[in-house]
Amino acid sequence: MPAVSFQGVAKTYRGARGTLRALDGVSFDIEEGEFFGLLGPNGAGKTTLISILAGLAQATEGRVTVMGHDVRADYTSARRALGIVPQELVFDPFFSVRESLRIQSGYFGVKHNDAWIDELLAGLGLADKANANMRQLSGGMKRRVLVAQALVHKPPVIVLDEPTAGVDVELRQTLWHFIAQLNRQGHAVLLTTHYLEEAEALCWRIAMLKAGKVVALDRTAKLLSAAQGQMLRFKTDDALPPTLAPLARVTGRMAQIPTKDAAGVETVLAQLRQAGVRVEDLEIGRADLEDVFLSIMQGAAGPGTAQEVAA
Ligand SMILES: Nc1ncnc2c1ncn2[C@@H]1O[C@H](COP(=O)(O)OP(=O)(O)O)[C@@H](O)[C@H]1O
Ligand SMILES: [Mg+2]
């Protein structure tokens, strides 16, 4: 039995401007104990898929199960098998950290949970914040509490929706250490992220979502081996010539240009020289998961977000 099964899931939002097909026939399974990554640009439909999994939104078509329980017909059992860390920070400002974890335990019918709550607090670096009021906590600390809240009932399936967006390095490390430990103990993990190096390091398999469709799904190592070719990385203060600019990924002074092979590298270097671009710290390396991701996202037809369809 898969931990999670998405079968032909579609979701259509109706609005003033027409209908939006946010998910369009998504099917895949996550195995028990698996660490699974769901990647995709903003608007691809990741949060919508997780909302349907969590029973917060209803699929227009298709079926979703968690540990064999249908999220619609058997909501309570499905929800109990899930620990969901939402993308948005939502919390009740009136309670202390410990109180909010006790309330959440009660919500799942778990009694006498303080031993596990203490473990969660310690594992997430929250031990000294147990009695602090939620509204006194920094954003990063609130994020940790959300993770603890999702785990109070020791769910077999843990879902994290962009848990490290905008959080500091220390929290990312604390969080991954803790989640990896839970995964080793047998919990399945579904992670959405746009930090590809995280997905590369943690996930056994990765699905890439674009405009509501799965455009790639494979073992992480397999996806990476598809990243043949060479990546040119260098720093420059000059503008790239029009032949190269559309291919390049530029972050500040850093430019990266993908090439197919050694001859491609020579062509790019010749074009840079011809355009008078001064290059520093030139490196030529293998493509990584981000390169695979970008080439799939550019290759699969259409823009990264769902299309508005005239009503
Ligand atoms: N409640 C909603 N009503 C209408 N459109 C929505 C709603 N939620 C999401 N969308 C749209 O659905 C698409 C997918 O969004 P989302 O699932 O949040 O993507 P992601 O999490 O991958 O960034 C986007 O175009 C978004 O604007
Ligand atoms: Mg999202």
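Reader: How many helices and strands are there in the protein chain?
Author: In this predicted model, the protein chain has 10 helices and 15 strands.

Reader: And what box do the C-alpha atoms fill?
Author: Taken along the principal axes, the C-alpha atoms of the protein chain fill a box of roughly 70 × 50 × 40 Å.

Reader: What percentage of the residues is buried?
Author: Of the 311 residues in the protein chain, 32% are buried. As for contacts, if you take those with a separation of 6 or more, 71% of them are between residues 24 or more positions apart.

Reader: Okay, changing topic to the ligand: which residues come nearest to ligand 1?
Author: There are 14 residues around ligand 1, and the ones that come nearest are Tyr13, Ala22, Lys46, Thr47 and Thr48. Two or more residues of this shell come from each of the elements β1 (4–15), β2 (18–30) and α1 (46–53).

Reader: Which element gives the most to that shell?
Author: That is α1, which gives 3 residues to the shell around ligand 1.

Reader: How do the residues of the shell divide into nonpolar, polar and charged?
Author: The shell around ligand 1 holds 5 nonpolar residues, 8 polar residues and 1 charged residue.

Reader: Is Lys46 buried or exposed, and why?
Author: Lys46 counts as buried because 23 other C-beta atoms lie within 10 Å, and the cut-off for a buried residue is 20 or more.

Reader: Which residues is Lys46 in contact with, leaving aside its neighbours in sequence?
Author: Once neighbours within four places in sequence are left aside, the contacts of Lys46 are Leu38, Gly40, Asp161, Thr192 and Leu209. Along the chain, Met208 is 162 residues apart from Lys46, yet the C-alpha atoms of these two are separated by 9.6 Å.

Reader: Now Val26, where is the place of that one?
Author: Val26 belongs to strand β2, and β2 is one of the elements that give two or more residues to the shell around ligand 1.

Reader: And why is Val26 called buried?
Author: Val26 is buried because 24 other C-beta atoms are found within 10 Å, with 20 or more being what the term asks for.

Reader: What is Val26 in contact with, then?
Author: Apart from neighbours within four places in sequence, Val26 is in contact with Phe6, Val9, Leu49 and Val214. Val215 is 189 residues apart from Val26 along the chain, and their C-alpha atoms are separated by 9.9 Å.

Methods. Residues numbered from 1 in each chain as written. Chains lettered and ligands numbered in written order. Predicted model: local features only at pLDDT ≥ 70, side-chain atom pairs only at ≥ 80, totals over all residues. Near = placed C-beta within 6 Å. Helix = DSSP H or I, 4+ residues; strand = E, 2+ residues; numbered from the N terminus. Nonpolar A, V, L, I, M, F, W, Y, C, P; charged D, E, K, R; others polar. Buried ≥ 20, exposed ≤ 12 C-beta atoms within 10 Å, placed from the backbone. Contact = placed C-beta atoms within 7 Å.
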